[in-house]
Amino acid sequence: MTKVLTDARSIRIKGRSFLALVLSPELPLDWWLGRLDDLASRSAGFFLGRPVVLDVADLEIDRKQLKSLLDELGQRNVRVMGIEGGRPSLFEPGMPPAMKGGRPAPDFEVPEVDLADPPKAGKGKAAAPVTPEEVQPVRATASIIVREPVRSGQSVIFPEGDVTVVGSVASGAEIVAGGSVHIYGTLRGRALAGSVGNASARIFCRRLEAELLAIDGVYKTAEDMAPNLRGQSVQLWLEGDSIMAERLN
């Protein structure tokens with residue numbers, strides 16, 4: 001018996017953006033995996049339940065090595081949702097899909113101009129104006145304010161700009177900001193500033209007791225922090241590949 005479908009219904013497909021961690025392995029892979037294990041051991045649950053993109057654009061490996069790397073990450077409960085920058089020859093059925101088009105969110109938005117071929121900005125560079133009369137003011141960096149303490153197990157993720165927490169951030173909680181992080185209470189959990197590629201982002205807190213700090217992907221765990229900064233009002237910023245810190249008066 002043939003059933004005729006007379007009530008055809010459309011399928012709704014929506015676009016949505018999610019914040020994913022990007023891992024960029026370095027050679028030798030055993031050394032890099034050791035560093036990853038060190039981070040995971042000092043910040044339990046850091047990768048738990050997080051979507052991860054593996055960036056292999058600058059990694060000279062073959063398909064066998066990539067497959068082995070994926071297996072090693074899987075054993076560490078790191079869920080790779082996609083691979084960016086890989087040559088077509090690297091992929092085989094069963095691997096995470098190839099991804100492209102990923103880019104850090106901008107620190108501000110430039111109003112669009114009606115041009116047939118608008119100038120494009122390179123990484124870390126602003127697009128040059130075409131003519132003086134077309135220059136328009138830019139919108140200030142966005143920010144949000146959290147007016148209550150952030151409890152253990154909670155995450156505040158805001159890749160568009162700064163995050164300000166009026167209260168404290170408990171152990172096991174985390175703040176992830178595309179811009180700077182401001183904590184007006186005690187920071188006991190994790191704070192990740194400049195999460196989408198903003199090396200000028202900073203972290204400010206009234207009392208430093210953090211489990212992990214990160215700025216633009218450079219991290220520092222509790223064991224790495226100077227003892228004289230614990231319990232103090234502190235600001236942290238990035239210089240090269242090092243997180244710098246000083247006490248606030």
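Residues are numbered from 1 along each chain as its sequence is written, and the side-chain values use heavy atoms, with hydrogens and water left out. Because the model is predicted, local features need pLDDT of at least 70 and side-chain atom pairs count only at pLDDT 80 or more, while totals for chains, interfaces and linings use all residues.

Side chains of opposite charge can pair when their charged atoms come close. A salt bridge is taken here as a side-chain nitrogen of Lys or Arg within 4 Å of a carboxyl oxygen of Asp or Glu. The count by this rule is 9 salt bridges. One of them joins the side chains of D37 and R76, with an N to O distance of 2.6 Å. D37 belongs to helix α1 (residues 29–42) and R76 to the loop between α2 (63–75) and β3 (80–84), so this pair ties together parts that are 39 residues apart in sequence. Helices (H or I, at least four residues) and strands (E, at least two) are DSSP runs, numbered from the N terminus.

R76 also forms a salt bridge with E72, where the closest N and O atoms are 2.8 Å apart. Accessibility was classed as buried (under 20% relative accessible area), exposed (over 50%) or partly exposed (in between), using a 1.4 Å probe and protein chains only. On this scale D37 is partly exposed at 33%, R76 is partly exposed at 27%, and E72 is partly exposed at 26%.

A further salt bridge is formed by K67 and E92, whose closest N and O atoms lie 3.3 Å apart. This pair links distant parts of the chain, 25 residues apart: K67 is in helix α2, and E92 is in the loop between β3 and β4 (98–99). K67 has a relative accessibility of 42% and counts as partly exposed; E92, at 24%, also counts as partly exposed.

The model contains an open sheet of 6 strands in the order β5-β7-β9-β11-β14-β15, and its pairing is mixed. Strands β5 (142–146) and β15 (242–247) are the edges, each pairing on one side only. Two strands pair if DSSP finds at least two bridges between them. Neighbouring strands of the sheet are turned by 20° against each other on average, direction ignored; axes are lines fitted to C-alpha atoms, for helices over the stretch in contact, and angles run from 0 to 180 degrees between N-to-C directions.

Strand β5 pairs with β7 (residues 161–165) in the parallel sense, over 5 bridges. Within this pairing, G161 in β7 is the bridge partner of A142.
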